[in-house]
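Dear colleague,

Please find below the structure that I am handing over to you. I would be grateful if you would look through it alongside the notes that come after it.

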Amino acid sequence: MDNKNIPVKPAKKTRGDMLHERMVLLGEIKEEKKFDRKKFLLTALIILAVAVAAILVLQYRLNIIDYYESIVYAEDAGAIETATTGEAAPLSTVSEATAGEAVSAGGVSKPQDYDFGPFYRAGKLALIVFAAGFAFYAIIRLIAPKRRKPNRSVWGDFGIYFMLLCVAIMMVFPLVFSVGASLKPLDELFRFPPTVFPRQPTMDNFSDLFVTLSQSFVPFSRYLVNTVFLTFIGTFGHVFIASMAAFVLAKYDFPGGKTFFSIVVTALMFSGYVTGIPNYVIMSKLRMIDTYWAIILPAFAAPIGLFLMKQFMEGLPTSLIEAAHLDGAGEMRIFWSIVMPNVKPAWLTIIIFSVQSLWNTNASTVIYSEAKKTLVYALQQIQAGGIARTGQAAAVTVIVMLVPITIFILSQSRILETMASSGLKD
């Protein structure tokens, strides 16, 4: 049977399609022309090639002018010899004509376009800005998804992406500068004005850091084990306790529940510096000073975890829990098998916050034994070693921020989902 003769039923037009066609007929909007990506890519490459060629030509002329100036104005010697007398004359007393004669005598003639040097530099800068901006525009134009009815122009997309790029550069600059500083030798760390990227990158700062830690009275591995233990136990306990308390507050009504949650919200206003003294007094009364519990127990009671989990669990349908009750599931079974998998973004966010807090704590106010100190405390002691340990201090900064940033990058989508949903209710 030949399928070619079978009429094909036209696709049904939606209300949006009909409205779009009507607006085109009325002239309210213009029909979008078909975008030829290959033609645009070829045109963009030609424009960029011409811009790069012009930059190279200007740079070549500027090199000649700079070479001429470096000979005329001898910066290191502070004087030049004239061709007529052979005597040294100060730069302030040597005229440009005399200097030109001296250079001509040495085989280097003055460039004909010497006076156009400032214009060359301005033109080079303008071409670099144009080439960078046009390349950015071309990339956005090529990778932008094809929209049937665009709600903004290409220049609108360019403005949005350019703004996001500027914000991203401002956000990532401190990280790039810290990593670059950790790879600089000691002489580059004290250079002014400071440079972002090292000219002679080296790993000596990290090797010196590990040598210094290996000479400590307590081994480096001990500090690391203490920090990992406190971070793991404190984070697990925080998530477990906050999740169970949030489940009860979100799905069950009991006397004092709203008052208790109001106290939790109020506790969010107080930072760790404000609660430091009350925590110390409580731990002292419980005889837990100079023990791991002096750090772990306050981590269990952090209010941010309970707040996020409670707000997120309120978005779960109550009918889901009631159906589990009808099927004979117990409270713990419902909590572990139904509730916790559905609030995964929330407890992943809590893990990030808790790890960042515990990993960066030095616990110097409640831990006195050197064998129980944390890694951050040991690294901070190295940072306080003076100018000779400036390179090691830069390496310390990178090591301390490495773990929280890695965890955040791996779970950033979950954090955004939690923040977007924590304040919503059915």
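The notes below go from the whole chain to individual residues.

This is a predicted model, in which local features need pLDDT of at least 70 and side-chain atom pairs count only at pLDDT 80 or more, while totals for chains, interfaces and linings use all residues. Residues are numbered from 1 along each chain as its sequence is written, and side-chain values use heavy atoms, with hydrogens and water left out.

The chain as a whole

The protein chain has 17 helices and two strands; these are DSSP runs numbered from the N terminus, with helices being H or I of at least four residues and strands E of at least two. Of its 426 residues, 30% count as buried, where buried means under 20% relative accessible area, exposed over 50% and partly exposed in between (1.4 Å probe, protein chains only). The chain exposes about 27,900 Å², and carbon and sulfur atoms supply 66% of that area. Accessible areas come from the Shrake-Rupley method with a 1.4 Å probe, and for residues only the protein chains shown count as cover. Among the contacts with a separation of 6 or more, 70% are accounted for by residues 24 or more positions apart; contact means heavy atoms within 4.5 Å.

Aromatic rings

A search of the whole structure finds nine aromatic pairs. Rings of Phe, Tyr and Trp (its six-membered ring) pair if their centres lie within 6.5 Å; planes under 30 degrees apart count as stacked, over 60 as edge-to-face and the rest as tilted. One of the pairs is Phe247 with Phe335: the ring centres are 5.8 Å apart and the planes stand at 50 degrees, so this pair is tilted. Phe247 belongs to helix α8 (residues 220-251) and Phe335 to helix α14 (residues 331-342), so the pair ties together parts that are 88 residues apart in sequence. Phe247 and Phe335 are both buried.

Phe335 also pairs with Trp336, with centres 5.3 Å apart and planes at 75 degrees, so that pair is edge-to-face. Phe335 has a relative accessible area of 2% and is buried, whereas Trp336, at 41% relative accessibility, counts as partly exposed. One aromatic cluster is formed by Phe236, Phe240, Phe247, Tyr252, Phe335 and Trp336.

Charged side chains

Side chains of opposite charge can pair when their charged atoms come close. A salt bridge is taken here as a side-chain nitrogen of Lys or Arg within 4 Å of a carboxyl oxygen of Asp or Glu, and by this rule the count comes to one. That salt bridge joins the side chains of Glu314 and Lys310 (2.4 Å, N to O). Glu314 counts as buried at 18% relative accessibility, and Lys310 is buried with a relative accessible area of 10%.

The charged end of Lys310 also sits over the ring of Phe261, 4.1 Å from its centre. A charge sits over a ring if NZ of Lys or CZ of Arg is within 6 Å of the ring centre and within 35 degrees of the ring normal. The charged end of Lys373 is likewise placed over the ring of Tyr377, 4.3 Å from its centre.

Ile160, Tyr161, Met163, Leu164, Val167, Met170 and Met171 form a nonpolar patch on the surface, with about 710 Å² of accessible area together. Patches are made of residues with over 30% relative accessible area and no salt bridge; like charges are joined within 9 Å, and nonpolar side chains (Val, Leu, Ile, Met, Phe, Trp, Tyr) within 5 Å. Leu164 lies in helix α5 (residues 154-182) and counts as partly exposed, at 48% relative accessibility. Leaving aside neighbours within four places in sequence, Ser178 is in contact with Thr397, Val398 and Met401.

The buried residues of helix α11 (residues 293-300) are Ala294, Ile295, Ile296, Ala299 and Phe300. These buried residues pack against α8, α10 (272-285) and α15 (344-359). The loop between α10 and α11 holds Arg287, whose phi is near 60 degrees, a positive value in a residue other than glycine. Arg287 counts as exposed, at 77% relative accessibility. Asp290 is in that loop too, and its phi is near 65 degrees, again positive in a residue other than glycine.

Yours sincerely
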